[in-house]
Amino acid sequence: MSRLIVISNRVSRPNKSGNQGGLAVALAQALRESRGIWVGWSGEVTENFTGHIGFSEDEGVKTATIDLEEQDVDEYYNGYANKTLWPLFHFRIDLAEYARDFEGGYNRVNKRFADTTSPLIEPEDIIWVQDYHMIPLGQMLRDKGLQNRIGFFLHIPWPPTRLLVSLPHHTKLVQTLFAYDVVGFHTEEWLESFRHYVEREMGGSVNGDFVTLNGRTIQAIACPIGINAQEFAKAAVSDTANTMFEQVRRSLQHRALIVGVDRLDYSKGLEERFNGYARFLKDHPEHHRNVVLTQIAPPSRGEVESYQHIRATLDALAGRINGEYSDVDWSPVRYVNQGYPRDKLAGIYRAAQIGLVTPLRDGMNLVAKEYVAAQDPEDPGVLILSRFAGAATQLKDALLINPYSPEEMSDAINRALSMPLDERKRRWKSMMKCVEEQDISWWRQCFTDRLMAVRREDEAQKPQIEVAE
């Protein structure tokens, strides 16, 4: 059996708490089965990059990590990845920052990953590169002479052509994707945007799943990621989850709970969510004192200015809503800037009559699927979901809304609070069926089956790809 080599910005080592994310669990399982290695940045900063690889093995999962220089982190991670690509790929070109230093650092760090990883790779290994931090890595591995099967999966949206062309050297970046054998996206929309760019901007051609450019053909597929639905459903009835469930319900004093769980990020639509909830309180005074919105938003990327701004904005909004509508024994908003382990989150989800998942743009959004999986089948809550989340293409029985419209959000909250039990059960069963069938293992198998099916004789005859300057 071929080894699987996973390369991503960060690695996630198995831990006994069981509180790893679904992606980490799925990849760890595949790595154990194939005796593979997970390669990534250690998260540590070194004064001078040496290429030293730190090896570790935890619960049968081997990891190999490198330290980066402070300049690398500033230009590659905080810079090009999170100040340029992240906002652009989430359709926020107004927030994207373009700097030569950022692009130079991004390419330098990807080359460092190629230099340190290539000696670890054996001829029959299958390489799976994860996400926007590593787009050019496949080309750099080819430049080192590797002829392995190499796949790439993008976990965020692919922007429309009219936005992508705002990126300096956009064609050069996209050309590097043709060093891979299989490129994966969460939805048909992101896949179609990629195809459109290749056809219109690069003169490539599309034939089903096959995309050809300059004589090189790759497979580009839509393969939506899932969660470990059975494990999450079990976690929702664990002792830890039940304790959290009871704690939350006692604190509510028979009020209905609306829950949102998101990283503190402008793509998640948190400002619009607070405004939509405020509109609901204005439109429906009959629900005052009977409902509470709990927004859990652990901070992320605090060194990036736009994230500091969104935190300040949400602090002010939460204060304004509570100031306008609170009573001595009721506050309509609970705004929490900390994270919780998965089993405690499952208990919070299960206690909530409404799951409010309203990103402005999201590659998938697994919180929506976790909320569904955590529900009591006999008394499930209602999922309100943004039409602009990748998950909306699968969870069609959620109440789908435009997150930019406070009126739509207000109407959806009111409808969810009064929804009959029979309708709630019907909607939940439909969504749970999808969450269970297209789970994290299905996603992994969907992609790796395609990658493993690439013919080795074709690999041996790969043409060298010329990248435009």
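Biologist: Starting with E70: buried or exposed?
Modeller: E70 counts as exposed, at 56% relative accessibility. Exposed means over 50% relative accessible area, buried means under 20%, and partly exposed is in between, with a 1.4 Å probe and protein chains only.

Biologist: What kind of model is this?
Modeller: This is a predicted model: local features need pLDDT of at least 70, side-chain atom pairs count only at pLDDT 80 or more, and totals for chains, interfaces and linings use all residues. Residues are numbered from 1 along each chain as its sequence is written, and side-chain values use heavy atoms, with hydrogens and water left out.

Biologist: Back to E70. Which helix is E70 found in?
Modeller: E70 is in helix α2, residues 70-89. Helices are DSSP runs of H or I, at least four residues, and strands are runs of E, at least two; both are numbered from the N terminus.

Biologist: What does E70 touch?
Modeller: V45 and T46, leaving out residues up to four places away in sequence. Contact means heavy atoms within 4.5 Å.

Biologist: How far is E70 from P298?
Modeller: Their C-alpha atoms are separated by 24 Å. Along the chain, E70 and P298 are 228 residues apart.

Biologist: Now T65. Where does T65 lie?
Modeller: T65 lies in strand β4, residues 61-69. T65 is buried, with a relative accessible area of 9%.

Biologist: What is T65 in contact with?
Modeller: Beyond its neighbours within four places in sequence, the partners of T65 include V11, R13, G40 and W41. S42, H52, I53 and G54 are also in contact with T65.

Biologist: Let's zoom out. How many helices and strands are in the chain?
Modeller: The chain has 17 helices and 16 strands. Its radius of gyration is 23 Å, close to the 23 Å of the globule rule for 469 residues, so the chain is as compact as a globular protein of that length. That radius is taken over C-alpha atoms, and the globule rule is 2.2 Å times the number of residues to the power 0.38.

Biologist: What does the C-alpha trace span?
Modeller: About 70 × 50 × 40 Å along its principal axes.

Biologist: How many of the residues count as buried?
Modeller: Of the 469 residues, 57% are buried.

Biologist: What about contacts between residues at least 6 apart in sequence?
Modeller: In that set, 77% join residues at least 24 apart.

Biologist: What are the domains of the chain?
Modeller: Domain 1 is 4-222 and domain 2 is 229-438. The bounds come from an automatic or database domain assignment. The C-alpha centres of the two domains lie 31 Å apart.

Biologist: How many residues of domain 1 are in contact with domain 2?
Modeller: 22 residues of domain 1, and they meet 17 residues of domain 2.

Biologist: Helix α12 next. Why is helix α12 called largely enclosed?
Modeller: Nine of the ten residues of α12 (residues 342-351) are buried, so this helix is largely enclosed by the rest of the structure. Among those buried are R342, D343, L345 and Y349.

Biologist: What covers the buried residues of α12?
Modeller: The cover includes helices α8 (229-235), α9 (239-252) and α13 (366-373). Strands β11 (256-261) and β12 (291-296) are also part of the cover.

Biologist: Over to phi angles. What is phi of N214?
Modeller: Phi of N214 is near 50°, a positive value in a residue other than glycine. N214 is found in the loop between β9 (210-213) and β10 (216-222). N214 is exposed, with a relative accessible area of 66%.

Biologist: And R289, what is its phi?
Modeller: R289 has a positive phi of about 75°, although R289 is not a glycine. R289 lies in the loop between α10 (270-283) and β12. At 32% relative accessibility, R289 counts as partly exposed.

Biologist: What does F447 touch?
Modeller: Not counting residues up to four places away in sequence, its contacts include W128, F152, F153, I221 and C223. F447 and F185 are 262 residues apart along the chain, with their C-alpha atoms separated by 10.0 Å.
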